[in-house]
Amino acid sequence: MLKLPKAKQSNTAPLYFHTMTGRFAPTPSGYMHIGNASTALLAWLQIKNLGGEIVLRIEDIDSQRCKKKYTKSVFEDLLKMGLNWDNKPLFQSDRNQHYQSVLDFLIRKDLIFACSCNGKMIRKSMLNMDSHNYMGTCMKKNLPLDGPYNLRLKTWKGYPVVRRSNKAWSYNFVVVIDDAYQKITHIVRGADLQECDSLQEHLRRLLGYDSPSIYHAPIWLGPGGGKLSKKDGPISLKDYFKKGWTPESLMGAIAAGLNLKKDKSPCSAKDLINSLESYDWNKSSVYSSDFLPL
């Protein structure tokens with residue numbers, strides 16, 4: 001069994017009559033990189049500025065890509081960067097029964113249909129219909145919901161998949177369930193996930209969940225102007241630590257890239273809490289080469 005380091009508990013008193021709750025929700029399919037750390041920092045700062053709690057969720061539903069060594073590294077890197085969390089981490093891989101219960105609810109409401117179309121068939125259908133969305137070809141076929149098919153939602157454009165034919169859950173489905181379960185009030189995630197907002201809000205309304213406040217963190221860009229990735233060079237936090245960077249020096253560079261401070265001088269996450277009050281959430285991207293060597 002994976003041994004987890006203990007999270008440090010927050011001693012900050014809440015500013016409101018109810019607890020503000022934010023979250024880190026990494027996918028352990030690789031080592032935590034600069035973009036992950038940037039988003040995690042903003043999520044942590046927002047909640048600490050509000051005097052709330054931040055919880056950790058490991059989004060490991062993809063058993064093929066997610067590895068224990070990466071999960072262990074997430075814990076190590078967050079704590080090393082001073083981004084502690086409250087309470088026990090939640091693992092999506094432990095919550096299959098809960099997701100199934102919510103799916104059963106939607107099935108009882110006649111909101112789900114089975115689909116036998118593969119990617120090639122869907123692309124052909126979209127081309128023939130001159131559409132950018134899947135047209136729900138299988139909705140009237142009444143395929144058995146317990147068969148080897150994708151299960152799709154009836155009430156949204158493109159009829160998004162809720163559970164795939166291999167029994168894997170879709171990201172948008174489980175993240176909404178887990179946000180409600182963990183009573184998340186504030187979400188900070190990358191600007192590249194902004195397109196998920198409307199579908200997730202639709203799912204919340206179907207399920208009777210409260211809506212959190214959602215903010216988008218800027219995307220860190222590589223030399224070519226695209227989203228920073230491993231092809232641009234060694235970008236993981238571990239890579240920078242190996243080069244001699246300290247957590248404080250790395251935090252200072254990330255904070256400068258986010259305009260949380262004017263220079264790249266070393267700092268801790270705690271030093272930046274008050275900076276969040278004037279943060280510009282309209283900032284959509286950061287050129288990594290301006291602040292960090294690749």
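Analyst: Let us begin with a helix pair. His98, Tyr99, Val102, Leu103 and Leu106 in H3 meet Phe173, Val174, Ile177, Asp178 and Tyr181 in H5, where contact means heavy atoms within 4.5 Å. Helices (H or I, at least four residues) and strands (E, at least two) are DSSP runs, numbered from the N terminus. The model is predicted: local features need pLDDT of at least 70 and side-chain atom pairs count only at pLDDT 80 or more, whereas totals for chains, interfaces and linings use all residues. Residues are numbered from 1 along each chain as its sequence is written, and side-chain values use heavy atoms, with hydrogens and water left out.

User: At what angle do helix H3 and helix H5 pack?

Analyst: Axes are lines fitted to C-alpha atoms, for helices over the stretch in contact, and angles run from 0 to 180 degrees between N-to-C directions. Helix H3 (residues 96–108) and helix H5 (residues 171–181) pack at about 110°, with axes 10 Å apart. That makes H3 roughly perpendicular to H5 (65 to 115 degrees).

User: In what order do the three strands of the open sheet lie?

Analyst: Two strands pair if DSSP finds at least two bridges between them. Here the order is E1-E2-E3, with parallel pairing. Strand E1 (21–24) and strand E3 (90–91) are at the edges with a single partner strand each, so one side of each has no neighbour in the sheet. Strand E2 (residues 53–58) pairs with E3 over two bridges, and Ile58 stands opposite Phe91 in E3.

User: Which strands does helix H2 lie across?

Analyst: Helix H2 (residues 68–80) lies across E1, E2 and E3, and runs at about 160° to E2.

User: How many residues of helix H8 are buried?

Analyst: Buried means under 20% relative accessible area, exposed over 50%, and partly exposed in between (1.4 Å probe, protein chains only). In helix H8 (residues 247–257), 10 of the 11 residues are buried, so the helix is largely enclosed by the rest of the structure. The buried residues of H8 pack against H1, H2, strand E9 (219–221), helix H7 (237–242) and strand E10 (285–287). Just after H8, Asn259 takes a positive phi of about 65°.

User: Is Arg204 buried or exposed?

Analyst: Arg204, in helix H6 (residues 197–207), is buried, with a relative accessible area of 1%. Its side chain makes a polar contact of 2.9 Å with that of Glu201; such a contact is a pair of N or O atoms within 3.5 Å, and within protein one must be able to donate a hydrogen and the other to accept it, while residues adjacent in sequence count only if both atoms are side-chain atoms.

Key:
Parallel < 35°, antiparallel > 145°, perpendicular 65-115°, else oblique.
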